[in-house]
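Here are some notes to read alongside the model, for a colleague opening it for the first time. Please keep the structure in view as you go through the points.

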Amino acid sequence: MFASLFAITLGLCSCCKQSSQTLLGKPQLSGPSEALVKDIIDFTCEVQSQLKNESILLRIFKKGHREKPLGFYTSMHGEPGIIPFVIKPSHEGDLECVARPQNVSTIEPTVSSTHNLRVVEPVDNAQIIILSDPKKVFEGQSLKLRCHLQAGNHVSYKWLLNDRLISPSPGVNLSNGHLLIERTTSEHSGSYKCEASNKFNKTVFTAVSPEVEITVTDLVSAPDISFTVSKESAHIYSAVVTCQSTKGTPPITFSLYNNENLVATMTSDDRNAIFKVPLVLDQHLGYLKCAANNTNQTVYGHWLPLDVVSVGGRVRIHLDTDVAENFAVIGVRLYCEVERGSHARYQWFLNHTLLHQRGSFYYVVNQRPEQSILLLAVERHSAGTYHCEASNSFDNTTVISSSRLYLDKKVLNHVPVLVAAVIFGCFTLLILLISICCGIAVIGRRMYGETSLVDLELKRALAAYEDDLDVTEYNEDDGVMETDSGDELDRESEPSLDGFLQMLGPELEEEPAELP
């Protein structure tokens, strides 16, 4: 019974709803699909009604927000309702029109299909916000920036570094007004700005932020160390120590250590620092090392012994030559070396005239302190007597000279005595070997008389011939060959080897002359 009553009630409600929809049709909402913020836009809502003399209330809502209408209109005689309202950013989305009779509460309101509205708010007042540490960005750290707008939607962003467009690449990400550089280097230092823009119809709105200066601090590299010697007075010397890094953003703090003991510290706006340390010649004064720091991390260089050895011992000079295709000497390399000296200075002289770094026929290459090389072109101007001198680079109290060496084109291309002796010896040995061969040949002819090697060959050939020779006699009557067994006949019919050789004597005398 209750089930039947519920079904009847549901049916009556459905009939009432269908009846109200028949009396009040579905509204039609129309208007622009894009609007600019703060513009006043007219939307039209129209509904078909069979209710006579009944006013219809037309209201526009954002879908899902029925609590606050965007605008309304009361249609008295079924005329379309024109509903204006001021566009706000929150109005973007799906709009709908709801129609209901004002004085008949039993009729359900009807709802239009949704109408999508795109609201454009011009971009304004762009600012860059540094999301990473704004004080210092060190090499290898990430840089995070955001382009903040006071107003604007549907925005496109561009990032510029020193007025050059930044494009996405491995390690550089651009997304929704954010710039992320994962591992920075000094190349990422400079002036950043962002450019935001959006568009309404054919109008483009743009907002450019003020520039923000970002400095990426390159980590300082391990410093190299070197020193020169400075003579302060007659017997007082100092080591002028240079600590230098090839990489790093100044300011850089350099420290000098001697055997783990801090000697001095200096902050430099360049990548090097200079320290002075007392020095005693020819004594070992420890080991020096440089340290550098432009961040929270300190890097160290290698150890360098603080030893200064004065020049001493002999100064040696030797040469190498360059030979052309015709075996003529066209170039000379002279080497000068001193036996000891850690800060040696070399000077070359031609006929007691100092040769500077470069001339028309020479060039000096100093490889201190090991040696100095003088490159010479062999010509008329380069002829003369050469020598070199070695001294300490920090004073001239000790000067050691090498032996003199005379060079000219004739001397350089002269065959040395040793080479001439070797050539003459080889020639003499060749003549001796030929003489020995000839002597052996003469002795051989005397031992064998007039018989030569060819004679011996012929004798061996005739001996072989005798072994194969068989004296036979043919019987013409019966065609049978008969052999005479008489010894006398055999001796008479066998040719004599001596006679054969005598018969060939004249030819054999001429044969040796034909032999090579």
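How many bridges join β15 to strand β16, and do they run parallel or antiparallel?

1. Four bridges join these two strands, β15 and β16 (residues 178–181), and they run antiparallel. Strands here are DSSP runs of E with at least two residues, helices are runs of H or I with at least four residues, and both are numbered from the N terminus. Two strands count as paired if DSSP finds at least two bridges between them. Within this pair, N173 stands opposite L180 in β16.

2. A word on the source before going on. This is a predicted model, in which local features need pLDDT of at least 70 and side-chain atom pairs count only at pLDDT 80 or more, while totals for chains, interfaces and linings use all residues. Residues are numbered from 1 along each chain as its sequence is written, and side-chain values use heavy atoms, with hydrogens and water left out.

3. Now the wider picture. The protein has seven helices and 39 strands. Of its 516 residues, 34% are buried, where buried means under 20% relative accessible area, exposed means over 50%, and partly exposed lies in between (1.4 Å probe, protein chains only). Taking contacts (heavy atoms within 4.5 Å) between residues at least 6 apart in sequence, 60% join residues at least 24 apart.

4. Back to the sheet. Four strands form an open, antiparallel sheet in the order β10-β12-β16-β15. Its edge strands are β10 (124–130) and β15 (172–175), each pairing on one side only. Neighbouring strands are turned by 15° against each other on average, direction ignored; the axes are lines fitted to C-alpha atoms (for helices, over the stretch in contact), with angles from 0 to 180 degrees between N-to-C directions.

5. Three strands form an open, antiparallel sheet in the order β1-β3-β6. Because β1 (28–30) and β6 (81–86) each have a single partner strand, one side of each is left without a neighbour in the sheet. Six bridges join β3 (residues 40–46) to β6, and I41 stands opposite F85 in β6.

6. Next, look at V220, in the loop between β20 (216–217) and β21 (224–231). V220 is buried, with a relative accessible area of 8%. Leaving aside neighbours within four places in sequence, its contacts include S245, I252, A292 and V299. From V220 to T246 is 7.9 Å, C-alpha to C-alpha, although they are 26 residues apart in sequence.

7. The structure holds eight salt bridges, each defined as a side-chain nitrogen of Lys or Arg within 4 Å of a carboxyl oxygen of Asp or Glu. In one of them, R118 pairs with E34, with the closest N and O atoms 2.3 Å apart. This pair links strand β9 (residues 115–120), which holds R118, to strand β2 (residues 34–36), which holds E34, across 84 residues. R118 is partly exposed at 29% relative accessibility, and E34 is partly exposed at 23%.

8. A second salt bridge joins K231 and D395 (3.8 Å, N to O). K231 sits in strand β21 and D395 in the loop between β35 (384–392) and β36 (399–401), 164 residues apart. K231 is partly exposed at 31% relative accessibility, whereas D395 is buried at 8%.
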